[in-house]
Amino acid sequence: NNDNNNNKKDDSVRIFQAFGASGLRPIRYLKELRGVKSIVVNEPDSDSIALIKKNLPLNGISEDRIEFSSDYCVTAMNSYREKGQFFDIVDIDPYGTAVPYLESAIQVVNDGGLLCITCTDMSVLCGKNTGASTIKYGSNTLKAKYMHEMGIRVVLQAIHQVATRLNRSIKPLGCFFVDFYIRCFVEVNTLTHGTIVPTNISVSEENIVNANNNKNKNNNN
């Protein structure tokens with residue numbers, strides 16, 4: 001682990017995007033965030049990489065700001081870590097659960113960096129398949145009116161357990177559920193002597209956002 005971010009300049013933020021797809025999110029990062037130096041976009045599918053390269057100039061973005069990787073994303077993250085290259089933002093947005101990618105992601109993010117995690121397996125997280133939730137997340141889930149909040153806590157607990165095993169801690173900054181996915185943003189740091197490690201993860205109400213409810217409120221106004 002490292003503290004390369006302690007004296008960062010405003011234009012030195014490095015991002016790892018695990019699943020490139022059409023390039024929408026890397027493009028938004030470069031257009032909407034200040035201080036982004038470069039993005040590593042990992043995408044095993046060559047057709048998707050060609051599509052991303054086609055979309056970049058359409059959005060006024062130079063290709064030299066993006067480094068492409070075509071490995072399995074776990075292999076790619078491990079490779080960068082072994083070369084001593086770490087990232088300030090690591091974005092994992094797979095189809096289904098993000099659990100298989102957590103160990104590599106947590107190890108390649110800088111101290112004080114941001115880990116962005118998406119899980120789209122809402123039926124598992126919301127209690128429809130308790131057997132799958134036990135296998136994937138090590139937690140039992142219930143189908144109840146609070147199932148979305150419970151799903152968020154299950155995801156956070158999974159991230160927390162992996163991080164603690166790797167001598168790292170997480171701090172939830174914001175968690176969202178909308179339509180068919182859960183999205184969690186956590187700050188990652190190295191555990192130091194005397195750090196109190198929580199035995200469970202709790203999220204304050206203001207840090208859990210029901211995007212569907214907000215959307216409905218806006219439509220009613």
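**Exercise 1. Determine in which strand Glu-187 lies, and state what surrounds this residue.**

Solution. Glu-187 belongs to strand E7, residues 181-190; strands (E, at least two residues) and helices (H or I, at least four) are DSSP runs numbered from the N terminus. The model is predicted, so local features need pLDDT of at least 70 and side-chain atom pairs count only at pLDDT 80 or more, while totals for chains, interfaces and linings use all residues. Residues are numbered from 1 along each chain as its sequence is written, and side-chain values use heavy atoms, with hydrogens and water left out.

Step 1. Glu-187 counts as partly exposed because its relative accessibility is 24%; buried means under 20% relative accessible area, exposed over 50%, and partly exposed in between (1.4 Å probe, protein chains only).

Step 2. Leaving aside residues up to four places away in sequence, Glu-187 touches Gly-112, Gly-113, Ser-169, Ile-170, Lys-171 and Leu-173. Contact here means heavy atoms within 4.5 Å.

Step 3. Val-109 is 78 residues from Glu-187 in sequence, yet their C-alpha atoms are 9.4 Å apart in space.

**Exercise 2. Identify the buried residues of helix H6 and what covers them.**

Solution. Step 1. Within H6, residues 130-137, the buried residues are Ala-132, Ser-133 and Tyr-137.

Step 2. These residues lie on the same side of H6 because they cover an arc of only 100 degrees around the axis, the arc being that of the directions from the helix axis to the C-beta atoms.

Step 3. Their cover includes strand E5 (109-119), helix H5 (122-125) and helix H7 (147-165).

Step 4. After H6 comes Gly-138, with a positive phi near 70 degrees.

**Exercise 3. Describe the lining of the largest pocket.**

Solution. Step 1. A pocket is found on a 1 Å grid over the protein atoms alone, as an open set of points where a 1.4 Å probe fits, with protein on both sides within 12 Å along at least five of seven lines; lining residues have an atom within 4 Å of a point.

Step 2. The lining comprises 20 residues, and Arg-25, Arg-28, Tyr-181, Arg-183 and Phe-185 are those nearest the centre of the pocket.

Step 3. Helix H1 (24-32), strand E4 (87-92), E5, strand E6 (168-178) and E7 each supply at least two lining residues. H1 gives the most, with five residues.

**Exercise 4. State how many helices and strands the protein has.**

Solution. The protein has eight helices and eight strands. Of its 221 residues, 47% are buried.
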